[in-house]
Amino acid sequence: MKRRVLVAFVLTLALAFVFLLAGAMLDLGPTTIDLRAPVAAHLAQSGVTHPVTAVLLNYRGYDTLLEIAVLLVALLALLAVVGDAPVPPSRAAHPVLQTLARLATPLMIVVAVYLLWAGAFRPGGAFQAGAVLAAAAVLLHLVGLQPGWSRPRLGLRIGLAAGFVLFLAVATGLLTQGSLLQYPPAAAGVLILLIESGLTVSLALILASLFLFLSREEGA
Amino acid sequence: MSMSEPLFDPLAWLILLPLAWATLAFVLGPGRGAWPAIAGLATQCWLALDLAQKVGAGGTAAHVVGGWGAPLGIDLAVDGLSAAMLLLTQAVALPLAIYARSYFKPGDPAGTWFWPLTGFLIAGLNALFVSADLFNLYVTLELVGLAAVGLVAAGGGAQQVAAALRYLFATLVGSGAYLLGVALIYGAYGTVSIATLLPLVTDDAPRLAWIAGGLMVAGLMLKTALFPFHFWLPPAHGGAPAPVSALLSALVVKASFYLILRLWLGPLQAVLPAFAWLMALLGAAAIFWGSWQAIRAVKLKRLIAYSTVAQLGYLFLIFPLLAAPGAIHAGVMQVFAHGLAKAGMFAAAGVLIKATGQDTVAGLAGAVERLPVTMFAFGLAGMTLMGLPPSSGFLAKWQIIEAALAQGHWIIAAVVLAGGLLAAVYVLRVLRQAFLMAPASATLAPVPRTLEWSAFALAAASVLLGLRGVELMQLPGAVT
């Protein structure tokens, strides 16, 4: 009974909040500042032709730099909790599933490379490409072709950090241009592609790690 | 200097350096990276001092990331308040790094990823203190929050992981509310740049700006552990390893307080001051509740954690007083006083726990005789928390009382005085126990000298700062 009252109370509060928010949003006029114009106006100097990529890697590339650090920290937090437990032997799935996973993996790699390359002029980019690659690793793990990971060895640690290090190095190097991440327009396209390529590999490893380092829990 | 020599802009390097040594520590592997961290932090101390001197001389520092300028790009800006926070962060982190290097023995599971997590935490804090962009501030909040949760959870048993998980929920809900507020602000005004918003948010702001302001401040209050949102703090700060507790209590909770103050004095100054007395009321409640719980606490680190809840309360007493410039000075002085003293106190507690092998106040009998340096450090830090002259805590409380009486709010002055008495009760409770004779059977484990002396340095700094407080308080005179 007490629990019901509590649930009703919380639900009422949440509903009231939704109505308050919706009501306030309905009487919103056009905003004072419209950023679409400056985003479009500087697109030619940004090194890419897709506005979202221009915002993420150029205009607000500093946000993205720190977000990669956030992802690394999430992985570090996970590693700090799980410690060094032995990896249980992986159970092989049905041969049909294994064959399907073997067929899907090369396709997923091709899709990832395409997404990375497409990011310059249409929706896509390092995050999407990295997510597809990580999904391929998870798929292989689920059918028993890729064992879970127990501890990050030197090679893996370098791979996990490489994308961030590359991004950080470019950001620092561009201080010579006047400020952090101030791309010279002529080199912006190449530098952004370089950063995105590095990020694709590292993001794929980070996202896959978040899954593969946890997989040992199921056996424990 | 930032214009003529962009390559050596201290503002940029205060973010780049900790990111670099954090990543290096991660690549070096489990438990490694102490020396790069200490070298990096020493350089950062020098950079922060350089920046503070420049800002103190009447300048401001700015860095236009990407060269675009707000509102298209992200601007970084340092005024007196930011410079003071940067200085405190580096000044607390360096002695704690030296402390942590001796604290974590090789192979200690709690220290496996301490160095990279600490590096990212410091980078996030520095980035937060210099950011002039509401969305970028959200990213820095997430960096700080996740790194802090990772540090609390590291290598702990089920209880510690549960405390970390509770902390994770609190910090995620807090930054989620903040992010929703930022989204509403962007919806209403089309920009997240603080400088651009400043003239736009006026007294006749739409209802949405009020909701946004309320959400952002509520989220940040949760992250600052202001009463009654303090529920996550005692288990998280009390259960973590001592260097982590010190970092969290001294710095991390101050970051969200800084952000509230920044919004209050900056882009949301038309909206937030309506809540000034609510803040002060919660601050007063925090002082009484936190002190009461500290007086009753059985465990030493739990006592210190509840003392943090109480000491954070003073920071919120300044909000109704902000008409007088002394109020901001008092706030900054309290941030420094509590930051240094609490870091020193948790560090001293870490020594006591290592030496006695347990974490209760009752088990401290004989500590004064065996660990005089550590108990002296604890006493000095306690002096600052009580607000005895000539400590910086005295200066902070004196400034609050002065600002309160000048504006006729004697009730705030009374709360400050009562809080000082309550602090005396819980500090003296520990000291009294430490002065008792040790039971004959008690043996103390040997503790590295570095641990004792770095705790002492922090605690002594909190007292000595009171003698040089004027220069520090002049720094945030120039809040822009």
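In chain B of this predicted model, B:Pro390 is located in the loop that links α15 (372-386) to α16 (392-406). The peptide bond between B:Pro389 and B:Pro390 is cis, with omega at about 5°. A cis peptide bond also joins B:Phe227 to B:Pro228, where omega is about 0°. B:Pro228 belongs to the loop between α8 and α9 (233-239) of chain B, and B:Ala225 is placed in the loop between α8 and α9 as well. The backbone of B:Ala225 has a phi near 65°, a positive value in a residue other than glycine. B:Ala225 has 30 C-beta neighbours inside 10 Å and therefore counts as buried, the cut-off being 20 or more.

A positive phi is also found in chain A, at A:Leu181, which is not a glycine and has a phi of about 55°. This residue lies in the loop between α8 (154-173) and α9 (185-212) of chain A. Because A:Leu181 has 29 C-beta neighbours inside 10 Å, it is classed as buried. By contrast, B:Lys105, with 10 other C-beta atoms within 10 Å, is exposed. B:Lys105 is part of the loop between α3 (80-103) and α4 (114-130) of chain B.

The secondary structure of chain B consists of 19 helices and two strands. Its radius of gyration is 21 Å, close to the 23 Å given by the globule rule for 480 residues, so chain B is as compact as a globular protein of that length. Along the principal axes, the C-alpha atoms of chain B fill a box of roughly 70 × 55 × 45 Å. Of the 480 residues in chain B, 65% are buried. Contacts between residues at least 24 apart make up 80% of those in chain B that join residues at least 6 apart in sequence.

The largest nonpolar core comprises 269 residues, and B:Val152, B:Ala348 and B:Ile400 have the most contacts inside it. Helix α13 (residues 325-356) of chain B supplies the largest share of this core, 20 residues. In soluble globular proteins, nonpolar side chains tend to be buried together. Beyond its neighbours within four places in sequence, B:Val152 is in contact with B:Gln160, B:Ala163, B:Ala164, B:Tyr167, B:Ala236, B:Ala240 and B:Val244.

Helix α11 (residues 276-296) of chain B contains 21 residues and spans 30 Å from its first C-alpha to its last, close to the 30 Å expected at 1.5 Å a residue. Buried positions in α11(B) include B:Met279, B:Ala280, B:Leu282, B:Gly283, B:Ala284, B:Ala286 and B:Ile287. B:Gly290, B:Ser291 and B:Ala294 of α11(B) are likewise buried. An α-helix has 3.6 residues a turn, so residues three or four places apart point the same way. The buried residues of α11(B) pack against α12 (300-317) and α17 (410-435) of chain B.

Chain A has nine helices and zero strands. The C-alpha atoms of chain A fill a box of roughly 60 × 60 × 35 Å along the principal axes. Buried residues account for 35% of the 220 residues of chain A. Among contacts in chain A with a separation of 6 or more, 78% involve residues 24 or more positions apart.

At the interface, 53 residues of chain B are in contact with 46 residues of chain A. On the side of chain B that touches chain A, two or more residues are given by each of α1 (10-28), β1 (61-65), α4, α5 (134-153), α6 (158-189) and α8 (207-224) of chain B. The largest share of this side, eleven residues, comes from α5(B). In terms of residue class, the side of chain B that touches chain A has 36 nonpolar, 15 polar and two charged residues.

The model scores ipTM 0.94 and pTM 0.96. Chain B has a mean pLDDT of 93, with 98% of its residues at 70 or more. Within chain B, confidence is highest in α4(B), at a mean of 98, and lowest in helix α19 (residues 469-474), at 80.

Definitions and conventions: Residues are numbered from 1 along each chain as its sequence is written. Chains are lettered from A and ligands numbered from 1 in the order in which they are written. Helices (H or I, at least four residues) and strands (E, at least two) are DSSP runs, numbered from the N terminus. A residue is buried if 20 or more other C-beta atoms lie within 10 Å of its own, exposed if 12 or fewer, and partly exposed in between; C-beta atoms are placed from the backbone. Two residues are in contact if their C-beta atoms, placed from the backbone, lie within 7 Å. Ala, Val, Leu, Ile, Met, Phe, Trp, Tyr, Cys and Pro count as nonpolar, Asp, Glu, Lys and Arg as charged, and the others, Gly among them, as polar. pLDDT is the predictor's confidence in each residue, from 0 to 100. The expected span of a helix is 1.5 Å times one less than its number of residues. The radius of gyration is taken over C-alpha atoms; the globule rule is 2.2 Å times the number of residues to the power 0.38. A nonpolar core is a set of buried Ala, Val, Leu, Ile, Met, Phe, Trp, Tyr and Cys residues joined through C-beta atoms within 7 Å.
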